[in-house]
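Here are my notes for your read-through. Please keep the model open while you go through the points.

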Amino acid sequence: MPEGHTIHRLADDVTRAFGGRVVGVSSPQGRFAAGAAVVSGSVLSRAEAHGKHLFIGFAGRRWVHVHLGLYGKFDVFSGAPPAGPVVGQVRMRLVAGAAAAGRAAAGSGYADLRGPTRCEVVGDAEKDAVAARLGPDPLRGDDPGRALERIGRSRAPIGVLLMDQAVVAGVGNVYRAESLFRAGVDPARTGASVPEPVLRSIWADLVGLMELGVKTGRIDTVRPEHEPEAMGRPPRVDDHGGEVYVYRRTGQPCLVCGTPVAAGRAAARNLFWCPNCQH
């Protein structure tokens, strides 16, 4: 499942490509046909992200709410859509039209959404209801107080709490594993057992790591002294990309102490940590 940095990056891409323009919206697959008809031909104002939820705003205070889930993809392209029948199961297609009055003209572009778990037109009230169910988002400049208070009084493992979108919005398996490693915290520790200054440092680290992810489009978490060039090791080869300490490195030596990276399960998700570096 895409983590929060991917959704924030996608919101930026959609806003750049379509913001301030009349947009044609269709559903080649047919499953979003009714919703597409509601917003097609409207001006797209902007796209916003909150955690793993994407909201595409249209005139009339209507939003297309998208959640990619495990298998969804939303790709933004320059140029006109290819001629001929649409290939694959495209739930929603956006096609850039004319610029709104008073806006400079821009080039053509289109975007295809495939396989989301959610794609629906909502109003402000429904959008606000989704936001109310989510915890603070490190990429929105949110005050972390509510999340830190909830973690700090919980007997649940911190490795589970960080993945709970009602506690912290946007953190997924990679950022969970890597932020806890960088803080030296065992994911099995209860939230209540982690001192507040450490919790605040984890939040600040998540903000920095996820902002970097928005800029680069990949997750990199290793410090300069542990990068491949500094350590004389080959770069990581993984379809997730990026240099990491423990995520999906089961049995490989920890980049800091050499102890084999451990793996387990928590709340039905894979868990990775260093038994020596994390206490």
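1. Start with His53, which sits in strand β3, residues 53-58. Bear in mind throughout that this is a predicted model. His53 has 14% relative accessibility, under the 20% cut-off, and therefore counts as buried.

2. The side chain of His53 has a histidine partner. A polar contact of 2.8 Å links it to the side chain of His65.

3. Next, His226. This residue lies in a loop, the one between α7 and α8. Is His226 buried or exposed? His226 counts as buried, because its relative accessibility is 13%.

4. The side chain of His226 makes a polar contact too, at 2.7 Å, with the side chain of Tyr245. Leaving out residues up to four places away in sequence, His226 touches Tyr245 along with Met231, Arg233, Leu255 and Val256.

5. Thr250 is also a loop residue, placed between α8 (228-231) and β9 (262-266). Its relative accessibility is 44%, so Thr250 counts as partly exposed. The cut-offs behind that call are 20% and 50%.

6. What does Thr250 touch, beyond residues up to four places away in sequence? The answer is Val261, Ala263 and Phe272. Please also look at Trp273. Thr250 and Trp273 are 23 residues apart in sequence, and their C-alpha atoms are 8.5 Å apart in space.

7. Now the helix pair. Two packed helices are described by the angle between their axes and by the distance between those axes. For helix α1 (residues 4-18) and helix α7 (residues 196-216), the axes come within 8 Å and cross at roughly 45°. The two helices are therefore oblique to each other. Their crossing is right-handed.

8. Which residues make the contact between α1 and α7? From α1 come Gly4, His5, His8, Arg9 and Asp12. From α7 come Met210, Gly213, Val214, Lys215 and Thr216. By class, this contact has 5 polar, 3 charged and 2 nonpolar residues.

9. For a second look, I would take the two histidine side-chain contacts together: His53 with His65 at 2.8 Å, and His226 with Tyr245 at 2.7 Å. Both His53 and His226 count as buried.

Conventions. Residues are numbered from 1 along each chain as its sequence is written. This is a predicted model: local features need pLDDT of at least 70, side-chain atom pairs count only at pLDDT 80 or more; totals for chains, interfaces and linings use all residues. Side-chain values use heavy atoms; hydrogens and water are left out. Axes are lines fitted to C-alpha atoms, for helices over the stretch in contact, and angles run from 0 to 180 degrees between N-to-C directions. Helices (H or I, at least four residues) and strands (E, at least two) are DSSP runs, numbered from the N terminus. Angles under 35 degrees count as roughly parallel, over 145 as roughly antiparallel, 65 to 115 as roughly perpendicular and the rest as oblique. A crossing is left-handed if the near helix is turned anticlockwise from the far one by less than a right angle, and right-handed if clockwise. Contact means heavy atoms within 4.5 Å. Ala, Val, Leu, Ile, Met, Phe, Trp, Tyr, Cys and Pro count as nonpolar, Asp, Glu, Lys and Arg as charged, and the others, Gly among them, as polar. Buried means under 20% relative accessible area, exposed over 50%, partly exposed in between (1.4 Å probe, protein chains only). A polar contact is a pair of N or O atoms within 3.5 Å; within protein, one must be able to donate a hydrogen and the other to accept it, and residues adjacent in sequence count only if both atoms are side-chain atoms.
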